[in-house]
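Work through the exercises below with the sequence and the model open. Try each task before reading its solution.

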Amino acid sequence: MDTQQMEEPRKAAHRVAVIILNWNGSKLLREYLPQVMATTDLSLSRVIVADNGSSDDSLEYVKATFGDKVDIMAFPENYGFAEGYNKALALASEYEYAVLLNSDVATSQGWDRALADYMDSHSDVGACQPKILSYKHRDTFEYAGACGGFLDKNGYPYCRGRIFSSCEKDHGQYDSEADLFWASGACLMVRLSLYLEAGGLDTRFFAHMEEIDLCWRIRLMGYRIAVVPSAVVYHLGGGSLPAENPRKTYLNFRNNLLMLHKNLPDSVRGKRLFIRRLLDTVAWAKYVASFDFANAAAIFRAHRDFAEMRKHYPSHPDTNLLGGPNILLDYYLRGHKKYSDLRLGGKQ
C-alpha cells in the first residue's frame with residue numbers, strides 16, 4: 001500500500017480506541033492481535049493499528065486477517081514511540097478513552113470493559129492500568145507495571161508486585177483497586193481529551209519513563225491514576241533492549257533526571273537532583289569497578305545530555321508530589337524485595 005496515504009479511523013459509535021503502535025512487528029501482530037480481537041468488547045472498543053512506516057508485511061497481514069474489523073493509521077515514516085502515539089491519539093480525538101497497548105500484550109476476556117467501567121464511575125481518574133502479568137510465566141507479575149507504579153522520594157520507580165528486578169508471584173495479594181503514582185505504558189487507558197490537554201507523551205524522552213512523566217503531569221492537573229486488577233493482561237516484555245544494554249542505561253538515567261527537573265517545584269528540585277547525582281555517581285563507580293565501561297560511559301553521557309536538555313523546561317509546578325520510602329535502603333540494606341514489605345509513608 002502507499003504509506004504516504006494516511007488512513008484515519010472510521011467514525012463509529014465506539015467509546016474506546018485501543019491503539020497498537022507498530023513498526024515492522026508482523027511477528028508480534030500475528031501472535032498477539034488475534035487474542036486481543038477475541039477478548040476485546042468490540043461493541044465498546046475499536047482496535048486500531050497505528051503503523052510507523054513499516055517495510056514488512058504488517059499491514060497486509062492486518063487487512064487480510066481482520067478486514068474492516070481493525071482500523072489502520074498508516075504513517076509515512078517511523079515517528080518513534082512517543083510521537084507515534086501522540087499522532088495516533090490526535091487522529092482518534094472522537095473517542096472518549098484511548099488505550100495505549102503494546103504490540104506484545106495478550107489481553108483477557110472483558111479487560112477493556114473493566115477499565116472503562118472504572119473510569120466511568122470515577123470521574124476524577126485520568127488514567128488507569130490493568131494487572132499486568134508475565135506472558136511466559138503467568139503466575140508472576142511483569143516488570144513493566146506489574147500491579148501499578150510508584151516513585152520513591154528520590155524518583156526511583158517501583159510497583160505493587162515488582163521492586164527493581166524482583167518480580168513477585170501473583171497470589172491475589174494486590175487484587176484491590178488502588179491509587180498509583182503512575183500507570184504502565186504497556187496497557188494504559190487514558191481520558192483522551194485529558195491526554196491531549198496534557199500534551200501527550202514527551203517526545204524528547206524518546207523511550208523509557210515517558211508514561212511516568214505523563215502520569216505525573218496528569219496528577220498535577222488534579223486527576224488520580226489507578227489500577228483495576230479485575231482487568232488482566234499478559235505482557236511479553238523485555239522490549240528491544242536488554243536490561244544491561246548501555247542504550248537503555250543512558251535513556252533511563254537521562255530521562256529520570258529530566259522527569260525530576262521538569263515536575264518538581266523550586267522548593268525541593270535542587271536537593272533531589274543533588275541526591276540523585278550522588279546516587280548516580282555510586283552507580284557509575286559500581287560499573288567501573290566491575291569493568292563495565294560501556295554502562296559507566298552511558299551514565300556520564302546521560303548527565304551531560306541532561307545538563308543541556310533541561311533548558312527546554314523553564315517552568316515548574318508549585319506542588320511536590322514526590323515522597324514515599326527510600327527504595328535503595330529498603331531493597332539493598334533491609335532486604336525488602338516485595339511491595340508489601342516496604343516501609344510506606346508519606347506520598348506515593
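Predicted model: local features only at pLDDT ≥ 70, side-chain atom pairs only at ≥ 80, totals over all residues.

**Exercise 1. The chain as a whole**

Task: State how many helices and strands the chain has, and decide how its radius of gyration stands against the globule rule.

Solution: 
- Step 1. The chain holds 10 helices and 13 strands.
- Step 2. Its radius of gyration is 20 Å, close to the 20 Å that the globule rule gives for 348 residues, so the chain is as compact as a globular protein of that length.
- Step 3. Along the principal axes, the C-alpha atoms fill a box of roughly 55 × 40 × 40 Å.
- Step 4. Of the 348 residues, 55% are buried.
- Step 5. Take the contacts between residues at least 6 apart in sequence: 77% of them join residues at least 24 apart.

**Exercise 2. Helices α7 and α9**

Task: Describe how α7 packs against α9, giving the angle and the distance between the axes.

Solution: 
- Step 1. Helix α7 covers residues 246-263 and helix α9 covers residues 293-309; the two pack at an angle of about 30 degrees, with axes 8 Å apart.
- Step 2. Angles under 35 degrees count as roughly parallel, so α7 is roughly parallel to α9.
- Step 3. The crossing of α7 past α9 is right-handed.
- Step 4. On the α7 side, the contact residues include Tyr-250, Phe-253, Leu-257 and Leu-258. On the α9 side, they include Ala-298, Ile-299, Ala-302 and Phe-306.
- Step 5. By class, the residues of this contact divide into 11 nonpolar, 4 polar and 3 charged.

**Exercise 3. Tyr-79**

Task: Locate Tyr-79 between its flanking elements and list what it touches beyond four places in sequence.

Solution: 
- Step 1. Tyr-79 sits in the loop between β3 (70-75) and α3 (80-91).
- Step 2. With residues up to four places away left out, Tyr-79 touches Asn-52, Gly-84 and Lys-87.
- Step 3. Gly-53 is 26 residues from Tyr-79 along the chain, and their C-alpha atoms are separated by 8.3 Å.

**Exercise 4. Tyr-223**

Solution: 
- Step 1. The loop between α6 (210-220) and β13 (224-235) contains Tyr-223.
- Step 2. Asp-341 is 118 residues from Tyr-223 in sequence, and the two are 28 Å apart in space, C-alpha to C-alpha.

Note on methods
Residues numbered from 1 in each chain as written. Heavy atoms only, no water. Axes fitted to C-alpha atoms, helices over the stretch in contact; angles between N-to-C directions. Helix = DSSP H or I, 4+ residues; strand = E, 2+ residues; numbered from the N terminus. Parallel < 35°, antiparallel > 145°, perpendicular 65-115°, else oblique. Left-handed = near helix turned anticlockwise from the far one by under 90°. Contact = heavy atoms within 4.5 Å. Nonpolar A, V, L, I, M, F, W, Y, C, P; charged D, E, K, R; others polar. Rg over C-alpha atoms; globule rule 2.2 N^0.38 Å. Buried < 20%, exposed > 50% of the residue type's maximum accessible area, 1.4 Å probe, protein only.
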